[in-house]
Amino acid sequence: MLMRTDPFREIDRLAEQFFGTTSRPAVMHLDAYRDGDHFYAAFDLPGVDPDSIDCTVERNVLTVRAQRRRPTGERVEMVAAERPMGTFSRQLFLGDTLDTDKLEAGYDNGVLTLRIPVAERAKPRRVTVTATGNGRKEINA
């Protein structure tokens, strides 16, 4: 069993809830990257019930919300409560070059991964160049 030894821990815990620390972030952490024709965003959400995750896209704003709750019950007695609990939220502003209608989301091992294809209009395309009879070039896009 764990024993409490620091009388000022509750004050520290309240400050961490409002300001966050490296071990208790105030926001959910993410990695975002492009791989070929897809854009990925991976959010760290360990211990979150997948049913509590809500992803919405309105115009070009992606909002992710998730909730982590403490165990409850008549026989549950918290001995240490240092993990951040509650509702977490993060917004990303997506460019017009992404096709948000085809967004895919998966949750595995505490990581929510969003996969968004790059829109066709934003993909590189080949431009044909043809020469006319007088030595001028005609460009077709």
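**Entry 1: the model**
I am working from a predicted model.

**Entry 2: the sheet**
I began with the strands. I found an open sheet of four strands, in the order β1-β2-β7-β6. The pairing is antiparallel. Which strands stand at the edges? They are β1, residues 30–35, and β6, residues 104–108. Each has a single partner strand, so one side of each is left without a neighbour in the sheet. On average it is 15 degrees, direction ignored.

**Entry 3: β1 against β2**
Next I took the pair β1 and β2. Strand β2 covers residues 38–44. How many bridges join β1 and β2? I noted six, in the antiparallel sense. Asp35 stands opposite His38 in β2.

**Entry 4: His38**
I stayed with His38, which lies in strand β2. I set aside its neighbours within four places in sequence and listed its contacts. They are Tyr33, Arg115, Ile116, Pro117 and Val118. With Arg115, the side chain of His38 makes a polar contact, side chain to side chain, at 3.1 Å.

**Entry 5: Arg115 and Glu104**
Arg115 came up again when I searched for salt bridges. Side chains of opposite charge can pair when their charged atoms come close. The search of the whole structure gave two salt bridges. One joins the side chains of Glu104 and Arg115, with 3.2 Å from N to O. Where do these two residues sit? Glu104 is in strand β6, and Arg115 is in strand β7, residues 111–117. They are 11 residues apart, and I noted that the pair links distant parts of the chain. Glu104 is partly exposed, because its relative accessibility of 43% falls between the 20% and 50% limits. Arg115 is also partly exposed, at 28%.

**Entry 6: Asp99 and Lys102**
I then wrote down another salt bridge. The side chains of Asp99 and Lys102 meet at 3.8 Å, N to O. Is Lys102 buried or exposed? Lys102 is exposed, with a relative accessible area of 54%.

Tyr33 was already in my notes as a contact of His38. Tyr40 is buried, at 17%.

**Entry 7: positive phi**
Last, I turned to backbone angles. Most residues other than glycine have a negative phi. I noted Arg59, which has a positive phi of about 55 degrees although it is not a glycine. Where is Arg59? I found Arg59 in the loop between β3, residues 54–58, and β4, residues 61–68. Arg59 is exposed, with a relative accessible area of 77%.

Asn109 is found in the loop between β6 and β7. At 73% relative accessibility, Asn109 counts as exposed.

Methods
Residues numbered from 1 in each chain as written. Predicted model: local features only at pLDDT ≥ 70, side-chain atom pairs only at ≥ 80, totals over all residues. Heavy atoms only, no water. Pairing = 2+ DSSP bridges. Axes fitted to C-alpha atoms, helices over the stretch in contact; angles between N-to-C directions. Polar contact = N/O pair within 3.5 Å; in protein donor to acceptor, adjacent residues only side chain to side chain. Contact = heavy atoms within 4.5 Å. Salt bridge = Lys/Arg side-chain N within 4 Å of Asp/Glu carboxyl O. Buried < 20%, exposed > 50% of the residue type's maximum accessible area, 1.4 Å probe, protein only.
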